[in-house]
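Hi everyone, thanks for making time.

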Amino acid sequence: MISGNPHHQTTPSGRPRARAFGISFDGTPGPFNAITDVAGVAVGYSTLISGDGALVVGKGPVRTGVTAILPRPRAELATPVFAGIFGQNGNGELTGSHIIEETGAFNLPITITNTHSCGVSRDGTLRWMQRVLPAALDSGWALPVAAETYDGFLNDINGHHLRFEHVAAALDGATSGSIEEGSVGGGTGMIAFGFKAGSGTASRIVEWHGRRYTVGAFVQANFGKRSNFTIRGLRAGPDLIEPAIRESTPRAEKGSIIGIVATDAPLLPHQMKRLARRAPLGVAMTGGFGYHSSGDIFLAFSTANREAALAPPGLIASVDFIPDTDIDPFFDAVIGSVEEAILNALVANDDMTGRDGNFVPAMPKAWLNDKFGARQEP
């Protein structure tokens, strides 16, 4: 049965989410069922859609964008967050990964875009930080996190249409609360299981010894073969041979997924890496198996322990953390929120035609209604 919370059923623009079709999930979502349920986390988009017809490199058609995720409020973006990363399959890019592996932390915003604009989004973040929080860069260097997936089947990816001003607009527009999903931001030109996909999010509440914590996930979904597509254990792929992609130009297999997991639970860097390692299990629940050309890269961070992250040299820093022996419910929350985020990215979408008339269908809503039969909770 579908949730009675309207934020769980539709995006701010009224696009349906997976729960609107009666798809049930494990666990309890937060108020917005989004990564923004983690206090202080904000998401913004710049979406670039223009032109039709034959590809003219540098002119279009354009089907791309950039997503910005702020791990802390704007004034606190220089404050590190404890973090961990995991690459299930490394055919992709996430900048800043080496220092995260070395120190178990990062600061500044995260951006996600197309493969050939990853450098622009990274450098655009530095330019934006110099404008809005210059003190953060006065006496040191910065290594922003920027990630990518490939949108060249629909987008003029070699035309380099993403500009610094688009990155700044996504960062400036980052907001908490309910956020858009589907063909927005970096997810604009992305495809999953042969259906139009892109940006998706979900969250889970974890009860731990009388305390409530939130785990939220955001994905840029661009992976998977139609034949493997699975919805809550139902092998949907064999039923959904049609509608099919139309390839006016050959479609090389270049699928990937970027997953960002946020929590307000006090967890140490090695525990954040453990959470990141569980994100691929949520991908697998939908039928994603990490094939050769797929860049399946996951970052998890915690907004807790702010004082420890800012501890000055020469003093003992103290942190709170949940014991490893109690971490299993957080694994459940990661897996469930990643799985639902992927399905939300698929459901909150329409057909899209891009460069050279290449066509990607939306997942058929009538089929979802037939299979899952949406029913309203009392």
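Buried here means under 20% relative accessible area, with exposed over 50% and partly exposed in between, using a 1.4 Å probe and protein chains only. Strands are DSSP runs of E, at least two residues, numbered from the N terminus.

Quick housekeeping: this is a predicted model, where local features need pLDDT of at least 70, side-chain atom pairs count only at pLDDT 80 or more, and totals for chains, interfaces and linings use all residues. Residues are numbered from 1 along each chain as its sequence is written, and side-chain values use heavy atoms, leaving out hydrogens and water.

Back to E2. Val62, Thr64, Val66, Ala68 and Leu70 point one way, Arg63, Gly65, Thr67 and Ile69 the other, and all are buried. In a regular strand, side chains alternate between the two faces of the sheet.

Who are the partners? Strands pair if DSSP finds at least two bridges between them. Strand E1, residues 42–50, runs antiparallel to E2, with 9 bridges, and Ile49 sits opposite Arg63. Strand E5, residues 110–114, is also antiparallel to E2, over 3 bridges, with Ile112 opposite Thr67.

Now Thr113, which is in E5. Thr113 has a relative accessible area of 0%, so it counts as buried. A polar atom of its side chain lies 2.7 Å from the backbone oxygen of Gly65. Beyond its neighbours within four places in sequence, Thr113 is in contact (heavy atoms within 4.5 Å) with residues including Gly65, Val66, Cys118 and Gln220.

Definitions and conventions: Helix = DSSP H or I, 4+ residues; strand = E, 2+ residues; numbered from the N terminus. Polar contact = N/O pair within 3.5 Å; in protein donor to acceptor, adjacent residues only side chain to side chain.
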